[in-house]
Amino acid sequence: MYQNSTYKPENSPFLQLLYLLLFALIGVVVFAVLGFAVVFFTSGMDGLRAAATNDYSDVSAFKILLVAQQIGLFLVPAIFLAIIEGKKPTRFYGLDAPKLNLLLLVAILSICWMPLMAFSNEWNQKMVFPAFLKGIESWMREMEDNMMKTTEALLKMKSTGHLLVNLLVIAVVPAICEEFLFRGAVQRTIFRIKSNAHVAIWLSAIIFSTIHFQFYGFLPRLLLGAAFGYVYFWTGSIWYAVFAHFLNNAYAVCVAYYLQANNQSYNNAEDISMPWYGYLISVILTLALFGLVRKLGAGKSEDNN
């Protein structure tokens with residue numbers, strides 16, 4: 001997947017990382033301005049005030065800004081890196097059309113790893129710091145609580161229309177934008193520094209989890225990032241990782257919609273638990289299916305770039 005093209009040598013991977021950082025800074029500023037402009041033309045000054053003061057009475061403003069942030073911070077840098085390297089994105093990132101059998105396998109895999117991810121999230125939520133780090137723990141918990149308030153506001157849905165909008169904003173857009181940057185650009189570039197797929201996958205997963213600034217969800221997001229990375233590396237097409245990412249986010253949105261439709265709290269989704277052997281079965285099935293993905297996708301990672 002990460003071999004260089006023969007017709008034009010690429011820039012140093014360290015320079016590529018600098019390009020990504022530069023494009024991310026420019027992209028997030030430009031698209032923030034565009035996002036605020038859209039908010040102003042759709043919601044007027046009230047929408048701008050809601051976004052500036054964290055007033056969740058007009059959540060549409062937050063959704064517009066969230067989409068703008070995703071595009072500017074994640075998708076723009078990945079696209080411009082391919083452009084500045086003089087490569088076609090179809091070859092640079094592996095945009096081969098996905099095959100139905102592998103898509104189905106990735107879907108089953110995504111279902112099987114959910115209990116494992118839920119267990120890691122439960123364990124992460126119980127994280128306790130030593131006494132001398134209580135200040136840091138309080139800061140992290142406060143940030144987590146603020147993130148949770150934003151998430152709950154975004155996930156409030158009263159109709160099918162709200163559900164469809166949230167699937168677009170929370171599932172489709174992040175799946176495409178984040179996978180192009182973290183798996184397509186960052187993972188690929190790190191691999192050029194250290195020609196070890198595992199190092200590239202896990203380092204990019206660490207960056208992916210860290211940049212979300214949700215410390216009490218760091219572990220499950222780290223594992224998800226690594227899972228997406230292996231799917232990408234073994235299949236050679238980024239669309240499988242995008243699909244897996246979409247399924248993960250879409251599941252959360254659909255569960256929230258179902259619970260609210262049945263007059264239950266969205267927080268009830270985290271109360272679901274299973275016996276220890278359920279988690280063990282999840283681990284076994286996940287590893288077995290990863291092996292099958294690797295087998296069916298064998299050789300495809302060598303075709304790109």
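What follows is a chat about a predicted model.

Colleague: What should I know before I start?
Modeller: This is a predicted model, where local features need pLDDT of at least 70, side-chain atom pairs count only at pLDDT 80 or more, and totals for chains, interfaces and linings use all residues. Residues are numbered from 1 along each chain as its sequence is written, and side-chain values use heavy atoms, with hydrogens and water left out.

Colleague: Okay, the core. Which residues touch the most other members of the largest nonpolar core?
Modeller: Tyr93, Leu109, Trp113, Leu181, Ala185 and Phe290 do, in a core of 50 residues. A nonpolar core is a set of buried Ala, Val, Leu, Ile, Met, Phe, Trp, Tyr and Cys residues joined through side-chain atoms within 4.5 Å. Buried means under 20% relative accessible area, exposed means over 50%, and partly exposed is in between (1.4 Å probe, protein chains only).

Colleague: Which elements give two or more residues to this core?
Modeller: Among them are helix H1 (13-52), helix H2 (59-84), helix H7 (160-193) and H11. Helices are DSSP runs (H or I, at least four residues), and strands are too (E, at least two); both are numbered from the N terminus.

Colleague: What about a second core?
Modeller: A separate one has twelve residues, including Leu154, Leu155, Leu163 and Val253.

Colleague: Where does Lys63 sit?
Modeller: Lysine 63 is in helix H2. Lysine 63 counts as buried because its relative accessibility is 10%.

Colleague: And what is lysine 63 in contact with?
Modeller: Leaving aside neighbours within four places in sequence, lysine 63 is in contact with Leu154, Val165, Asn166 and Val169. Contact means heavy atoms within 4.5 Å.

Colleague: Switching to charges. How many salt bridges are there?
Modeller: The count comes to five. The rule wants a side-chain nitrogen of Lys or Arg within 4 Å of a carboxyl oxygen of Asp or Glu.

Colleague: What does glutamate 10 form a salt bridge with?
Modeller: Glutamate 10 pairs with arginine 188, and their closest N and O atoms are 2.6 Å apart. Glutamate 10 lies in the segment before H1 and arginine 188 in helix H7, so the pair ties together parts that are 178 residues apart in sequence.

Colleague: Are those two buried or exposed?
Modeller: Glutamate 10 and arginine 188 are both buried. Glu10, Arg188 and Arg192 are also linked in a network of salt bridges.

Colleague: How about lysine 126, which partner does it have?
Modeller: Lysine 126 forms a salt bridge with glutamate 122, with the closest N and O atoms 3.4 Å apart. Lysine 126 is exposed at 58% relative accessible area. Glutamate 122 is partly exposed at 34%.

Colleague: Now the surface. Which residues make the nonpolar patch?
Modeller: Trp276, Tyr277, Leu280, Ile281, Ile284 and Leu285 make a patch of about 660 Å². Patch residues have over 30% relative accessible area and no salt bridge; like charges are joined within 9 Å, nonpolar side chains (Val, Leu, Ile, Met, Phe, Trp, Tyr) within 5 Å. Accessible areas come from the Shrake-Rupley method with a 1.4 Å probe, and for residues only the protein chains shown count as cover.

Colleague: Where is leucine 285?
Modeller: Leucine 285 is in helix H11 (residues 276-296). Leucine 285 is partly exposed at 39% relative accessible area.
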